[in-house]
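Here is a short report on a ligand site and on one helix. Look over the sequence and the fold before reading on.

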Amino acid sequence: MSVVKSSLSVEQEKKLLSLFGHVRLHLLYKASVHSYMHSAFHNRCDGQGPTVLVAYNKAGFVFGGYISKNYAQTGQVINDDKAFLYSITDQREKPLRVSSTDGQYGFTDGKNGLNVGVLWFLNNNTSTVQIVAGNSYTFEGEEMHGNDLQLTECEVYRVEDCGGILKTPWRGIDWEGYSSTKKRLMDYIKNYKPEVKSVFQARVLLVGPVGAGKSSFFNSINSVFKGHVTGQANTGSAGTSLTTQFRTYSIKAGQGGKALPLVLCDTMGLEEGPSAGLDIDDVNSILKGHVQDRYQFNPSMSVQTDAVGFCKSPSLQDTIHCVVYVLDACKVTLLSAKMVDKLAAIRKGINKQGVPQLVLLTKVDEACPLVREDLTNIYLSHYIERMTREVSVCLGVSQSCVLPVKNYSREFELDVHTDILLLTAVVQMLRYSNSYFDDIDQAGDQKSEWLGL
Ligand SMILES: Nc1nc2c(ncn2[C@@H]2O[C@H](COP(=O)(O)OP(=O)(O)OP(=O)(O)O)[C@@H](O)[C@H]2O)c(=O)[nH]1
Ligand SMILES: [Mg+2]
């Protein structure tokens with residue numbers, strides 16, 4: 001699975017977004033990857049609801065059209081009074097926006113690409129924009145595209161409405177006294193003691209699709225306790241999992257400080273295919289403590305009992321005390337049926353072992369423009385609230401188990417609001433680990449049998 005990336009620069013994206021309310025853009029189609037063929041475009045863009053076409057030319061113009069209705073290849077002229085053409089250049093501070101002078105004529109829903117007003121993109125399966133007769137959009141060619149109709153790239157994005165700001169937060173947090181909140185959360189973590197004598201550190205397993213932000217979460221927590229942004233675990237974007245070893249990360253409370261009573265276990269990412277990425281048997285072996293630090297996963301084979309790094313007789317300290325599903329908030333609505341089934345099967349196995357489970361919803365900054373502007377909007381964001389609800393339904397956990405966070409990804413310096421969300425998530429992980437220890441305490445000697453140790 002290759003990663004298709006937007007060609008919009010940060011500045012261009014900002015200008016494009018300024019044409020809408022609170023929306024996020026999801027890239028559906030890119031000509032340099034999927035070709036200029038109509039069929040490639042329609043396969044990816046039909047039935048997707050509101051979309052915006054983004055065309056690029058050598059003259060430096062980014063221009064195209066927004067339509068608020070589905071492409072469906074009806075061959076009809078569609079009444080769309082929200083449709084518009086736009087143009088962005090480095091020279092212009094604000095985008096040019098041209099609405100239809102006649103709402104009756106929004107765009108033509110043909111089989112041969114997209115025709116908004118006089119601009120016909122992908123006509124004849126080529127990168128040349130055709131000018132066709134029609135006067136419902138009025139503009140100067142020089143202003144719209146610099147009279148350069150040869151495209152260097154063409155993309156289509158689904159435009160997703162994020163909703164606005166809620167009147168009351170959907171979850172409470174003390175942003176006001178933020179420095180004392182951060183200290184209180186850090187102290188809780190430093191002073192936490194597992195409720196079972198033989199265990200010194202709660203072991204929390206991070207599982208989730210490739211690129212969801214598992215390794216970044218460890219880096220982020222490590223950064224908070226180090227006092228500056230660090231990148232011990234490799235992170236990034238690749239088609240398959242960047243993390244191929246099982247890693248158990250201990251975190252020190254400051255430079256030269258004591259190890260925290262927490263171990264974050266980072267795994268290879270989950271993939272859709274049956275014999276790709278981490279699988280259900282791997283998760284079971286990890287849960288029971290058989291897999292040691294730096295075990296090298298083989299994506300096409302489950303954990304091998306005779307491999308280096310396989311522990312035959314694990315102790316309670318080696319087992320997993322809390323599982324955290326890590327999911328990208330931007331991709332919640334795009335989780336494939338195969339991935340949902342895989343997660344459900346993993347969850348079933350974990351339920352059997354009685355290990356508490358939480359969900360970490362990452363990349364909230366990318367998912368909601370209001371949160372990107374100001375992280376303290378997180379519990380006021382309609383969109384993030386909706387995503388936490390959707391995730392809870394999808395995985396069958398309660399909404400209170402879903403923890404939205406922003407990992408450190410491109411920053412050099414710490415930010416106190418980012419830290420508070422990250423630390424809040426860790427505190428929940430420790431509390432949930434405690435409920436596992438409570439169960440063990442109550443079960444007494446039966447515990448080994450339960451765990452199958
Ligand atoms: N903006 C933003 N980017 C993030 C966030 N979390 C992770 N990223 C970025 O997402 C990409 C993937 O993150 P990783 O931490 O490598 O993901 P992973 O789950 O460990 O992926 P694999 O090891 O490949 O399974 C990286 O480029 C990160 O910088 C976040 O909260 N916000
Ligand atoms: Mg990773």
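## Polar contacts to the ligand

K214 places a polar side-chain atom 2.7 Å from an oxygen atom of ligand 1. The protein covers 93% of the 660 Å² of accessible area that ligand 1 has on its own. The model is predicted.

Two further contacts stand out. D365 has a polar side-chain atom 2.8 Å from a nitrogen atom of ligand 1. G211 uses its backbone instead: an N or O atom there lies 2.9 Å from an oxygen atom of ligand 1.

## The shell around the ligand

The shell around ligand 1 holds 21 residues. K214, S216, L242, T243 and N407 come nearest. By class, the shell has 3 nonpolar, 12 polar and 6 charged residues.

Which helices supply at least two residues each of this shell? They are α6, spanning 214–226, and α9, spanning 364–367. With 3 residues, α6 gives the most.

Helix α1 covers residues 10–17. Its buried residues are Q12, K15, L16 and L17. Buried here means under 20% relative accessible area. An α-helix has 3.6 residues a turn, so residues three or four places apart point the same way.

What do the buried residues of α1 pack against? Four strands are among the partners: β1 (23–30), β2 (51–57), β3 (62–67) and β5 (84–88). Helix α10 (369–373) is also a partner.

Technical notes. Residues are numbered from 1 along each chain as its sequence is written. Chains are lettered from A and ligands numbered from 1 in the order in which they are written. This is a predicted model: local features need pLDDT of at least 70, side-chain atom pairs count only at pLDDT 80 or more; totals for chains, interfaces and linings use all residues. Side-chain values use heavy atoms; hydrogens and water are left out. A residue is near a molecule or strand if one of its heavy atoms lies within 4 Å of it. A polar contact is a pair of N or O atoms within 3.5 Å; within protein, one must be able to donate a hydrogen and the other to accept it, and residues adjacent in sequence count only if both atoms are side-chain atoms. Accessible areas come from the Shrake-Rupley method with a 1.4 Å probe; for residues, only the protein chains shown count as cover. Ala, Val, Leu, Ile, Met, Phe, Trp, Tyr, Cys and Pro count as nonpolar, Asp, Glu, Lys and Arg as charged, and the others, Gly among them, as polar. Buried means under 20% relative accessible area, exposed over 50%, partly exposed in between (1.4 Å probe, protein chains only). Contact means heavy atoms within 4.5 Å.
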